[in-house]
Amino acid sequence: MANKGKKKSANAGSNIAENRRARHDYFIENTMTAGLVLQGWEVKSLRAGRANLAEAYVMLRNGEVWLTGAHFSPLLSASTHVEADPVRTRKLLLNKNEIRTLIGAVERKGYTLVPLRLFWSHGFAKVAIGLA
């Protein structure tokens, strides 16, 4: 009876897409969770489970972190007035210390950043990235 009045969201902590190939191709040493900057049609597409991380990778550019190559299939009914680009580059949201850590690992130590999975956390879309 401790959860009386609280309704757990159906998508809380649930996976949207997973990059199974990443753990096979790379040895993942560390993982981080980052938020995504998305457009409205992309959120609807993720809620429908229409995302693919198979060809995706993470880039560092001008002190910012970007998800490139992730494919979010647009729904036919969502945003007919917006030109949907399913593989556009999306910005990842991390704090400065996390970005500095990633820049140090990638530029000085030769690591690669790989997206591992997309998931919901408290109603927000998140991506788990691995330092490989």
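Student: Which residues does Leu92 touch, not counting residues up to four places away in sequence?

Tutor: Leu92 touches Ala34, Gly35, Leu36, Val58, Val65, Trp66, Leu67, Val127 and Ile129; contact means heavy atoms within 4.5 Å. This is a predicted model, in which local features need pLDDT of at least 70, side-chain atom pairs count only at pLDDT 80 or more, and totals for chains, interfaces and linings use all residues. Residues are numbered from 1 along each chain as its sequence is written, and side-chain values use heavy atoms, with hydrogens and water left out.

Student: Which members of the largest nonpolar core touch the most other members?

Tutor: They are Leu46, Leu92, Leu102, Leu118 and Ile129, in a core of 27 residues. A nonpolar core is a set of buried Ala, Val, Leu, Ile, Met, Phe, Trp, Tyr and Cys residues joined through side-chain atoms within 4.5 Å. Buried means under 20% relative accessible area, with a 1.4 Å probe and protein chains only.

Student: Which element gives the most to this core?

Tutor: E9 does, with 4 residues. Strands are DSSP runs of E, at least two residues long, and helices are runs of H or I of at least four, numbered from the N terminus.

Student: Turning to Glu42, is that residue buried or exposed?

Tutor: Glu42 counts as buried because its relative accessibility is 0%. Glu42 lies in helix H2, and its side chain reaches the backbone nitrogen of Gln39 at 2.7 Å.

Student: What else is Glu42 in contact with, leaving aside its neighbours within four places in sequence?

Tutor: Glu42 is in contact with Val37, Phe72, Arg88 and Arg90.

Notes
Buried < 20%, exposed > 50% of the residue type's maximum accessible area, 1.4 Å probe, protein only. Polar contact = N/O pair within 3.5 Å; in protein donor to acceptor, adjacent residues only side chain to side chain.
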